[in-house]
Amino acid sequence: MAPVYGENKNINNDVSISVIDPTDDLPNDYTTLVTRAEGERIRQIWVSKLEALPDGGTLVLDFSSVFAIDHSFVAEVLAPILRETANGEHGNRWIVGINFDQRRSPTILNTDLISMGVNLLVFDKTENPLWLGIADEATQRVVNMVYANNKETPEHLQLLLSLDRKRISSIIEELVKSRHIVVETTPDDGLKVIKPSIDSNTIRTKGMNNILHEFRSRIRDAIEKGCHFELSPDIHATEYLHLIQVFTDARLTAKVAYIVAERFRKDNPDIVLTITTPAAMAFSLCVADYHGASFICADINDTGDAILHPGMSIIRDSKVLLAIDVIATGWDISALLKLVLKEHASIVGICAAVDVSGGKVRFPEYKYERIESLQLGQYYVSSCPACREKLLLRSSIPVSRGMVR
Amino acid sequence: MEIRFPSELSEGAFEEVLRQWTNILMGTPASYCAEESVDSYLRRVKGILDKDRIIFNLLDVRFAGLYEIAMTTILGEFTYYLTGCRVPTVLPRNILERSFMSFFGFFAHFPSWGKTDSGGSMPNDPRWKSRMMLPLKRIASSTHVGPVVHTLKTTRISTILSNVFHNEAKAASLAEIIVSELLQNIPEHSRRDVPGHGYCAIQVGKPTTPEPWRNAVEITVVDSGIGIRESVLSRYPELVRSMTTQQCIKRGFEAGWPDDGDKHRGGLILVARTIRNEFRGDMECRSVNAFIRTIGDSIISGDRSFFPGTQYRIILPYEV
């Protein structure tokens with residue numbers, strides 16, 4: 001379908017997208033795009049990734065682990081590449097941002113992009129599209145409406161936005177010229193239809209939840225089946241998740257932890273408390289880092305009591321978030337809960353990377369969030385199939401002690 | 001040779017400390033010539049002061065602000081560099097008297113430049129954390145900038161900032177414009193002979209200066225690098241050669257420098273405008289031998305005794 005306005009043929013029908021974490025190439029600045037020194041190097045990396053895409057492709061910048069983007073980074077890296085892309089210097093390709101958190105950089109990025117005369121399409125964490133860097137309010141409303149609804153007509157826009165026909169026409173013409181939108185004429189009735197230049201649906205489907213897809217796939221690979229583990233004196237498992245294998249990837253661990261930590265943002269914990277196992281500590285440290293909270297850990301002894309690690313303490317009245325890698329029986333969390341209450345602190349909630357109890361473990365009095373829920377084979381000893389088959393019992397992992405239900 | 005620190009170590013008083021220190025330098029055959037390169041002056045002085053003992057007497061200090069603690073740290077480091085010896089330091093007698101220093105993280109960095117015979121452990125009271133946002137943090141390279149900005153964007157601190165300013169955008173501006181821009185200058189302004197480093201610290205709450213400030217967030221960023229004039233001179237030699245340090249600083253904050261494609265060179269203007277327009281705050285910038293101070297819409301500038309590098313003190317008031 002030929003566009004009506006101008007010679008614009010820039011329709012991104014190609015579903016080629018490449019999702020990158022913009023902090024991947026910053027070995028030390030893992031959450032902040034504030035580097036001025038490495039600007040040119042980063043820009044070249046992004047250009048090469050952009051140009052590796054086929055015609056019509058989109059480079060998607062995943063901002064989910066980005067805490068801050070400062071003026072220098074925008075000036076040194078982002079604005080030049082956006083300008084070049086808008087001018088067609090990198091062919092018929094686009095750059096888009098996803099998982100953009102407006103709370104972290106509410107107006108700065110928008111203001112910077114406006115002052116530098118470049119635009120960037122971003123999707124926030126609820127997948128709402130937003131064009132940043134457009135100074136004119138009416139133009140911004142038009143383009144955001146087109147992207148939100150995926151299709152619009154000039155008449156509908158006129159009605160919705162209370163703009164006159166001439167104004168709408170001039171805005172549409174500008175947006176076509178700048179490759180934000182395309183205009184097509186339906187063959188049957190000659191109606192003009194305005195569509196996004198960038199395939200938002202594909203980006204939403206393929207780009208968003210990138211981290212969760214990766215995490216889930218890695219979890220599947222880390223499940224040992226046909227085994228025989230002692231979770232507690234009363235509970236055995238025939239399937240066991242070795243989450244530490246997944247958490248050897250520090251960046252993935254941080255990104256996963258940030259997803260669940262964000263759900264406690266309004267609770268603003270002072271302390272993140274966990275148990276002293278490698279996977280739990282790796283996960284919980286990142287949760288603590290997200291909140292800027294203190295990180296402390298406790299050992300669980302044979303009688304199910306949590307003992308704080310030497311040198312660590314819980315201050316009275318502080319707000320504590322319990323964090324753990326895997327919830328299987330809930331015993332560890334129960335021990336930590338008792339400890340916090342004994343120290344006269346308050347509990348803001350419980351978070352876990354994975355719940356393998358299949359929903360059987362519940363904490364009705366507390367806010368409980370996890371990234372993933374599974375049901376792995378767990379049995380009381382009396383009905384354990386692995387016991388019947390006399391499989392070797394392994395209990396070297398310091399997991400939850402038994403909690404008879 | 002002894003430098004005696006006054007009991008109330010606030011802004012004006014610290015200039016007195018620097019004057020004592022500069023007098024020691026002036027006592028050497030080498031004296032600083034106006035607009036001389038910091039590197040070349042220090043090369044001349046270093047050989048003269050080598051192995052001399054300069055004692056810091058902080059015995060009587062009962063109060064010091066955030067900026068003054070940062071300046072003491074950088075002064076101590078610099079003295080260590082010049083003399084080649086750790087600086088003998090007389091500290092206040094007991095933990096209670098030293099507590100305000102602990103508040104700002106002074107003792108975290110003291111071992112790198114100073115030594116003391118004062119007994120007893122260094123105080124470290126975790127209760128201060130609820131008021132201090134960022135104790136004295138060393139910035140030794142550009143890779144240290146990101147983690148500091150990251151700290152300001154964590155839930156705890158961004159919540160504190162959003163609450164005091166009643167505005168999330170202001171909290172973001174503080175981190176991503178003011179702090180980030182100033183910190184990135186530290187490694188860029190480093191001296192050739194010493195890998196560039198500096199310090200920053202941020203405090204929120206009732207200010208600990210005796211001045212009648214309103215409730216404010218205070219930011220301090222200090223370094224002992226080449227200073228603003230020398231930094232700009234390398235980029236615009238024809239323009240800056242005839243300017244004094246004072247004129248350079250003033251221009252950096254008011255008008256900026258020609259845009260030769262390096263957009264980020266407008267960082268200081270952005271910082272100044274953000275402080276003035278968004279926060280209605282005040283700022284003092286001291287660089288080598290000059291200073292500029294913004295108070296509201298007014299700008300005051302003048303000369304100062306020599307001290308290498310650039311130091312900022314920023315006050316961002318808020319309503320309770």
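Buried denotes under 20% relative accessible area, exposed over 50%, and partly exposed the range in between (1.4 Å probe, protein chains only). The model is predicted, with local features requiring pLDDT of at least 70 and side-chain atom pairs pLDDT 80 or more, whereas totals for chains, interfaces and linings use all residues. Residues are numbered from 1 along each chain as its sequence is written, chains are lettered from A in the order in which they are written, and side-chain values use heavy atoms, without hydrogens and water.

**View 1. Phe106(B) and Phe107(B), both buried.** Rings of Phe, Tyr and Trp (its six-membered ring) pair if their centres lie within 6.5 Å; planes under 30 degrees apart are stacked, over 60 edge-to-face, and the rest tilted. The structure holds 25 aromatic pairs over all chains. Here the centres are 5.3 Å apart and the planes at 75°, so Phe106(B) and Phe107(B) are edge-to-face.

**View 2. The edge-to-face pair of Phe165(B) and Phe279(B).** The ring centres lie 5.0 Å apart, with 70° between the planes. Phe165(B) and Phe279(B) are both buried.

**View 3. Arg304(B) over the face of Phe291(B).** A charge sits over a ring if NZ of Lys or CZ of Arg is within 6 Å of the ring centre and within 35 degrees of the ring normal. Arg304(B) is at 4.0 Å from the ring centre of Phe291(B); in chain A, the charged end of Lys367(A) is 4.6 Å from the ring centre of Phe264(A).

**View 4. Contact between chain A and chain B.** With contact defined as heavy atoms within 4.5 Å, 32 residues of chain A meet 28 of chain B.
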